[in-house]
Amino acid sequence: MKQQARTAAGPSSRKVRSERLAPYVLVAPAVLIIVALRLWPLALGVNFSFTGDGELNGTPVGLGNYLELAGDPLFHTSLRNVGLLVLLLPLAVAIPGLLATFIYLRVPGHRVYRSVYFFPAVLSPVIVGAIFNLLLGYDGPVNSALAVIGAGPVDWLGDPGIAMFTVVGVHIWATFGMALVVFLAGFSTLDASLLDAARVDGASLRQIIRHVIIPSLTRAIQFVFVTTMIGMLTSMFGLLFVMTSGGPEGATYLPEYYIWHQQGQMNRPALASAASTVLFVVMLVVGLLQITLLRRTGRQD
């Protein structure tokens, strides 16, 4: 009897251990890839940021590169532009959110709009930049249209006060199609009976959006906020290079453009690594703050 009990317990315990190990085995390849291709290069980059450039190549310089960044007005400008991106982020999220709402509510022509709004997302940033360079040129169609209504020409890309707003606006236009898809996916999980009940109670469109749609799409909104911010900080190089090349007077510099400039133009990879580390920390802090704020807002609703 004891022998039979041991025999029965043996396979059972092995099965339990296998079930416990299965999740780790399935996750292990992804973890290894992340460590090998993301975390390890990140650690090497951080370590490299504490070394020198030129004659001091490979020589430890402590915080020398970071102190140089702290005194570089061009890097200060790039960080101020990050603050501008944070301020414009709600607009970049609200536009695809509202458009997804109208499509979900089946406004006339909603199927056509879905395709039209997503189309810019498949265009290369270089193509988008070239198109808007033509449209927003000082003698371009946009200023010609303004002249018709009596407004003076605007130097969209040459005025330091508005050039960054122009590039960000073009970036939002070119990329909000992906956020639109995420919002539409979120709407697929929305309980239609809630909308019907709100309509029966006489709720306006604004009230439906605020009290029904937004609370139901909290996770989608959080995801779009974080990914949009990451895209603004790491995916605007193509537009900046084609439209302004960081000008005028460095007004459209962002950390990623500053990193390219130091690495590719000034041949200062260690300083570029230090700037990359600062950019990583900024993205991490901003992302965590966004998630915390959105979670608190969701609880209050």
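Helices (H or I, at least four residues) are DSSP runs, numbered from the N terminus. The expected span of a helix is 1.5 Å times one less than its number of residues.

This is a predicted model, in which local features need pLDDT of at least 70 and side-chain atom pairs count only at pLDDT 80 or more, while totals for chains, interfaces and linings use all residues. Residues are numbered from 1 along each chain as its sequence is written, and side-chain values use heavy atoms, without hydrogens and water.

Helix H7 covers residues 163-187, 25 residues in total, and its first and last C-alpha atoms lie 35 Å apart, close to the expected 36 Å. At threonine 175, H7 bends by about 45°, the angle between axes fitted to the seven residues ending there and the seven starting there.

Helix H3 (residues 73-104) packs with helix H10 (residues 218-234) and also with H7. Axes are lines fitted to C-alpha atoms over the stretch in contact, and angles run from 0 to 180 degrees between N-to-C directions.

| Pair | Angle | Axis distance |
|---|---|---|
| H3 and H10 | about 135° | 10 Å |
| H3 and H7 | about 45° | 7 Å |

In the contact of H3 with H10 (heavy atoms within 4.5 Å), the H3 residues include Val82, Leu85 and Pro90, and the H10 residues include Phe225, Thr228 and Met232.

Terms used: Helices (H or I, at least four residues) and strands (E, at least two) are DSSP runs, numbered from the N terminus.
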